[in-house]
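Please read the points below with the structure open beside you. Each one takes a single topic.

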Amino acid sequence: MSWHPQYRSSKFRHVYGKAASKDKCYDCVPITRNVHDNHFCAVNPHFIAVVTECAGGGAFLVIPIHQTGKLDPHYPRICGHKGNVLDIKWNPFNDFVIASCSEDATVKIWDIPKHLLTRNITSPKKELLGHVRRVGLIEWHPTANNILFSSGYDYKIMIWNLDTKEAVISNPVKILDAHKDVVLSMSFNTDGSLLATACRDRKIRLIDPRAGTVLQEASYKSHRVNKVLFLGNMKKLFSTGTSRWNNRQIALWDQNDLSVPLLEEDLDGSSGLLFPFYDSDTHMLYVVGKGDGNIRYYEISPEKPYLNYLMEYRSHLPQKGIGMMPKRGLEVSACEIFRFYKLIPTKSLIEPISMIVPRRSESYQEDIYPLTTGAQPALTAQEWLNGVNKGPLLVSLRPGSGAVNSLPQFPEPEPLVKTTDLNQHQDWGGKMPLEGMQKSSDIGDNRKQLKVEEKLPKNEQMRLSNGFDIFECPPPKTENELLQMFYRQQEEIRRLRELVNQRDVQIKQLELELRNLCTDTGGY
């Protein structure tokens, strides 16, 4: 069984969950009492959004992430829906845009102002009208900008292109009509070229969303699926559901063969739903129980036994919903690798729970923070609709570091990044060695990054802390904070000096290669 692992080495074996102190929680939040099986919470490095209980229509709150403590009972809401809000999701590439869906059969896109809300927001930026029954699920595409998927109780999944000036969009770019019952869950693979769905007819389907074809279908009788999740690039699917005896159950599937699960395991006899979350950077899987206070976490391996049980976070306070902070919003100085936001309606409380790797050193731990998905789209909406697939653009979580470009999954005729010094690349006449091309493109990327930073207005630059704007980072108030900021700046200066020295060495190497190339051509 996965909860009795053999001797195995893992840097995440001792990960533990740490609940935030009372002053770091969000108190007096009127959390919804809707029985719909969704997270009801969405988080990004700037805001936490939570669906609330209200009389007439549907509403949700958007609270600045640092505004902890008691919430004003008259705090402004986003309340443009005529029915209960069933799902909310932040745009992964814009921390100030959020999508919501409702029982009124509409999907709405909202612009959230950077300053504090002073009044209710009732007018959305865009309204999507296409479903004829209530809309229960929405998902943003993981790599393409402004592509949104919505699923309704009309058994249809609709794909929307938001790259238009129209305020009301009535025609989705694609309708997936492959389900015979309500879709309970949707999940994308890493580049967004495949969509996995769990349906109330107990089947898991693997769909090509642009073609609208079902590639694989699982109709395994002894596992009634509720939620399904792609496990990054592992070519595996993870699902939660119930067994024939109504025990809560988890299952692992091969993406290319959904006839029989690779692994099937009963957890307990509780009746609440299980929400799965996967961290592709650490290969850790979290299973959160609705209606109880437990969070189980596992480590995924490509070989048997595939699922290695690590630990379980226990709490006596049951959660109704759960939110998850993107990796770029974590506190890397505390070795935090994941953060949940637990909705506790019995106490009107939102409690952050940090998953921490115990380390003695307070310096940046590079081995537990590999390059992770950033906040820049890899594709435009039209490129993805035309059939282009690209992995996400990666960033380093090291404070002060910039973006790193991910490689395309398939060779494209267009360049991956349009650098400002493209003419320099063309001057080589196509005869430059491969290593030299890679080095010069690295130099071009860094020059472009510096130029972009110079062009940004001061209030748009995000250099002080990992994933937070300067307007949210107040100046140091104590001598200790001032010293910490000073040491951080010294470290940044040292890093930049090292970077400049490396670039000087690369320039000299390129000059030497060019001289050798000239002498070789002169000899002929």
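1. Asparagine 189 is in contact (heavy atoms within 4.5 Å) with Pro142, Leu194 and Phe230, when its neighbours within four places in sequence are left aside. Asparagine 189 lies in the loop between strand E17 (183–188) and strand E18 (195–199). Helices (H or I, at least four residues) and strands (E, at least two) are DSSP runs, numbered from the N terminus.

2. The model is predicted: local features need pLDDT of at least 70, side-chain atom pairs count only at pLDDT 80 or more, and totals for chains, interfaces and linings use all residues. Residues are numbered from 1 along each chain as its sequence is written, and side-chain values use heavy atoms, with hydrogens and water left out.

3. Is asparagine 189 buried or exposed? Its relative accessible area is 13%, so asparagine 189 counts as buried. The classes are buried, under 20% relative accessible area; exposed, over 50%; and partly exposed, in between (1.4 Å probe, protein chains only).

4. The side chain of asparagine 189 makes a polar contact of 3.2 Å with the side chain of aspartate 191. The side chain of asparagine 189 also reaches the backbone nitrogen of serine 193, at 3.0 Å. A polar contact is a pair of N or O atoms within 3.5 Å; within protein, one must be able to donate a hydrogen and the other to accept it, and residues adjacent in sequence count only if both atoms are side-chain atoms.

5. Strand E14 (residues 157–161) is mostly covered, with 5 of its 5 residues buried. In a regular strand the side chains alternate between the two faces of the sheet. From E14, Ile157, Ile159 and Asn161 point one way, and Met158 and Trp160 point the other way.

6. Which strands join E14 by bridges? Strand E13 (residues 147–152) runs antiparallel to E14, with 5 bridges, and strand E16 (residues 174–176) is also antiparallel to E14, with 3 bridges. Two strands pair if DSSP finds at least two bridges between them. Tryptophan 160 in E14 is the bridge partner of leucine 148, while methionine 158 stands opposite isoleucine 175 in E16. The hairpin of E13 and E14 has 4 residues between the strands, and tyrosine 155 there takes a positive phi near 70 degrees.

7. For the protein chain as a whole, there are 4 helices and 34 strands. Buried residues make up 48% of its 524 residues. Of the contacts with a separation of 6 or more, 53% are between residues 24 or more positions apart.
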